[in-house]
Amino acid sequence: MENILSLKALPRKTNAAVKSLLAVTVVALSVVLPQLVHAATGAQGGAKWLPMYLPVLLGGCLLGQAWGVGIGMLSPLVSFCLTAAFGHPMPALARLPFLAAELAVFGAVSGAFAAKIAQNARFAFPAVLCAQAAGRSSLLLCAVLFSRAAPFTPAVALAQIVTGLAGIVLQAAVVPLLVIGLRRLWRTRRND
């Protein structure tokens, strides 16, 4: 994020505060966006459109790898805790560790491109595609590795991957465009 938002000149505490605020905002978005999608499209809307994934990808691209991992792990956990308090936990408890691991990979891989994205925002396109491929593969791998210990089987994971293809395609277009737009906005404001 230092490169993207040109925060290198800021004091270290200010830089950390800005990053933390952005990370909290992204995690909050990853809790609210699924609620909106579920309200608009029903219970299967989340599995189809993968609304929690979009903020995690965005956070990784903007904040970098370590922050992306943290956002990826915290987003489903915060969502579960908040929604469980109202009687409808999302994601389901059986899915929670798998989703946290998958989203951590999404955040890590998209965040690995943050320095390149800072130089050229178009690197957000391969960042998102690589993160999606690695994240979805990690979901399937976790399902294979833990199929005997958890009700989340490889068949269920594969079915979810297929169901979420529409969301993957949408995110592959939307997230890079958001990153490009935010980068341009930041540069315009910085030059004012």
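Leu-185 counts as partly exposed because its relative accessibility is 46%, where partly exposed lies between buried, under 20% relative accessible area, and exposed, over 50% (1.4 Å probe, protein chains only). Leu-185 sits in helix α10; helices here are DSSP runs of H or I with at least four residues, strands are E runs of at least two, and numbering goes from the N terminus. Between the C-alpha atoms of Leu-185 and Ala-85, 100 residues apart along the chain, there are 38 Å.

A word on the source. This is a predicted model, with local features needing pLDDT of at least 70 and side-chain atom pairs counting only at pLDDT 80 or more, while totals for chains, interfaces and linings use all residues. Residues are numbered from 1 along each chain as its sequence is written, and side-chain values use heavy atoms, leaving out hydrogens and water.

Now helix α4. Of its 11 residues, 11 are buried, so α4 is largely enclosed by the rest of the structure. Among them are Tyr-53, Pro-55, Gly-59 and Cys-61. Gly-64 follows α4 and has a positive phi, near 105°.

Next, the cores. A nonpolar core is a set of buried Ala, Val, Leu, Ile, Met, Phe, Trp, Tyr and Cys residues joined through side-chain atoms within 4.5 Å. The largest has 26 residues, and those touching the most other members include Tyr-53, Leu-103 and Phe-106. Elements giving two or more residues to this core include α2 (12-41), α4 (53-63) and α10 (165-191). The most comes from α4, with eight residues. A second, separate core has eight residues, including Leu-139 and Phe-152.
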